[in-house]
Amino acid sequence: MKRTGPVVFGFVIGMLMLIQHFTPDPWINDRYNDVLDWKQIVFGTTLILGVVSLVTHHGRKVARRGGGWAYSLLTLAGLAAMPAAALAFGSGRGPYLWMFDHVQAPMQATMFALLAFYVASASYRAFRARTLHAALLLTAGVVVMLGRVPLGELIGLDHVSAWILDFPNLAAKRGVMIGVGLGMTATSIKIITGIERTYLGKGA
Amino acid sequence: MKCARRLPGPEALTRSAWTAAILFALAAGAGLLPRQSAAGVAETDTLARAAARVQEPAALPPPGEAPALAVAPPPAGAPQSSGWLRRERLPAAIATLVLGAIILFFIGRARRGADLYIRRIAGLEAVDEAVGRATEMGRPILYSAGLDPMEEVATVASINILGQVARKAGQYETRVIMPNRFAIVMTVAQEVVREAYAAAGHPELYDPDDIYYATQSQFGYAGAVVGTMLRERPAANFFIGHFYAESLMLAEMGNATGAIQIAGTDSDSQLPFFICACDYTLIGEELYAGSVYLSREPLLLGALKGQDIAKVIILAILLLGTLLLWIGVDLTHLLS
């Protein structure tokens, strides 16, 4: 039962979701919405597991004074402060909103802004023309970048840039997308039919 | 000059692109299923999103009335859903059935003991090297299953690969650290790693604290993974799953710490970043082949072979469709 139960359950739900996509039958669509509702319930319940894991992980680190324990302490403080502020003053005003607007949002924006520097360092490594492939990548990259600025338009590179994006680039992307579509379908079939069970644990 | 006249003009190329798009839709039956985002908001597939982008904005309602939903009406003559089948999804249904039949046929062949050749995938061959390197250096392995929830196929594929990686790590008695963005993924990963260590004969190595929940925030998660890299100094990093803008951040930081890096994603927009910053990258479908390739289980190899055959068929259809368009035979109306 431990082995077959989840597989049978997966088969029934998987087939239901698959059939629902191809039929307008209201009964099946209602069951589909039921599954989505249950997903939200399970998701909400597992948030508790997440919080327990977070508190345990960082709590142990603080207790042991492990490497970077001060960051863990800050994480736990944040975990406690945000809900406490929301419960005490409401989420639409007061300290909760202030912390969201002036602490969390700027930190996320800062992380996002760092991407520019990472792009520069990765491009530097990728564009070193050591091989024919790297040289082609460098040439295509330079042409596409120049084609997107006024100087490139002035010398007619915008058309070359558009051609690179619309034909060789798009063809490669479609090749990847076809492979991904097939891979997703095949993996889904394997899971629905119970052939692939690694995600249930090796012993399943 | 005669040859030059036979070359397709922009209109023919557009038709060719439409043929490719329609055939792609045929091939990727499951890809047409709506994706459920982490926030529970249904996202439509790539083609539908592309179509939605070109829709005209809805006219503003009269003052005092609620705005109407910006849903484009179906074009005149478009197939309507009736009875028990959505006729507009019939091609996807046929493609799914055909693909399923091919896969089941090859699974049957594998069951009968047929020898199935699978091409070498460098990124998966390097898993042993990465785990061995971490063992030699006495450092842990860092594994990230991406930013998608458990119901996404890429995450399931990643968890399948995690099982194989953890088993090898268990054989070499090496830790696997895994920060997670979703508690469900964390719970599944804990179970998979625990079972993998047990299968490798070292159940005592499993520490649930190594597979922990970080945060659901995208860049918060990136910060947690980067922090783990800097503090724990893993010798091998695995980024397997669906990633977004944080991919380069993770891969560049891993590169800076000197870890051997194996990435795999089905996100075509993030692939270039991984290719630039990682030692090995599983491109698109290779992500889904990972578990099969590493486990070498005959039944799963059969499924992989069926997938490859389906790809050959799609390629042949694409070539045939392009050829027909070049000679002036347009069959796209049969598919619309």
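The residues that line the largest cavity divide into four nonpolar, one polar and five charged. Here Ala, Val, Leu, Ile, Met, Phe, Trp, Tyr, Cys and Pro count as nonpolar, Asp, Glu, Lys and Arg as charged, and the others, Gly among them, as polar. Please keep in mind that this is a predicted model, where local features need pLDDT of at least 70 and side-chain atom pairs count only at pLDDT 80 or more, while totals for chains, interfaces and linings use all residues. Residues are numbered from 1 along each chain as its sequence is written, chains are lettered from A in the order in which they are written, and side-chain values use heavy atoms, with hydrogens and water left out.

**The two cavities**

A cavity is a set of points, on a 1 Å grid over the protein atoms alone, where a 1.4 Å probe fits but cannot get out, and its lining residues have an atom within 4 Å of a point. Grid points are joined across faces, edges and corners, and a volume is the space filled by probe spheres set on the points. By this rule there are two cavities of 30 Å³ or more.

| Cavity | Volume | Largest share of the lining |
|---|---|---|
| Largest cavity | about 90 Å³ | H12(B), four residues |
| Second largest cavity | about 40 Å³ | H11(B), four residues |

Around the largest cavity you will find B:Ile118, B:Arg119, B:Ile121, B:Glu285, B:Glu286, B:Ala289, B:Leu304, B:Gln307, B:Asp308 and B:Lys311. Helices here are DSSP runs (H or I, at least four residues), numbered from the N terminus.

The second largest cavity has residues of chains A and B in its lining, including A:Thr187, A:Lys190, A:Glu196, B:Asn160 and B:Tyr288. Helix H7 (157-192) of chain A, together with H6 and H11 of chain B, gives two or more residues each to that lining. By class, the lining of the second largest cavity has four nonpolar, four polar and two charged residues.

**How the helices pack**

Axes are lines fitted to C-alpha atoms over the stretch in contact, and angles run from 0 to 180 degrees between N-to-C directions. Contact means heavy atoms within 4.5 Å.

Let's start with H11(B) and H12(B), whose axes come within 9 Å and cross at roughly 150°. That makes H11(B) roughly antiparallel to H12(B), a term for angles over 145 degrees, with those under 35 counted as roughly parallel. From H11(B), the contact is made by B:Glu285, B:Ala289, B:Val292 and B:Ser295, and from H12(B) by B:Leu300, B:Leu301, B:Leu304, B:Gln307 and B:Lys311.

The axes of H6(B) and H11(B) come within 8 Å and cross at roughly 30°, so H6(B) and H11(B) are roughly parallel to each other. Among the residues in this contact are B:Ala157, B:Asn160 and B:Ile161 of H6(B) and B:Leu287, B:Tyr288, B:Gly290 and B:Ser291 of H11(B). Seven nonpolar, five polar and one charged residue make up the contact of H6(B) with H11(B).

Helix H6 (residues 153-172) of chain B also packs with helix H7 (residues 183-199) of chain B, at an angle of about 30° and with their axes 8 Å apart. H6(B) and H7(B) are therefore roughly parallel to each other. Their contact includes B:Ile159, B:Leu162 and B:Gly163 of H6(B) and B:Val188, B:Val192 and B:Tyr197 of H7(B). It divides into 12 nonpolar, three polar and one charged residue.

How values were computed
Parallel < 35°, antiparallel > 145°, perpendicular 65-115°, else oblique. 1 Å grid on protein atoms, 1.4 Å probe; cavity = no way out; pocket = protein on both sides within 12 Å on 5 of 7 lines; lining within 4 Å.
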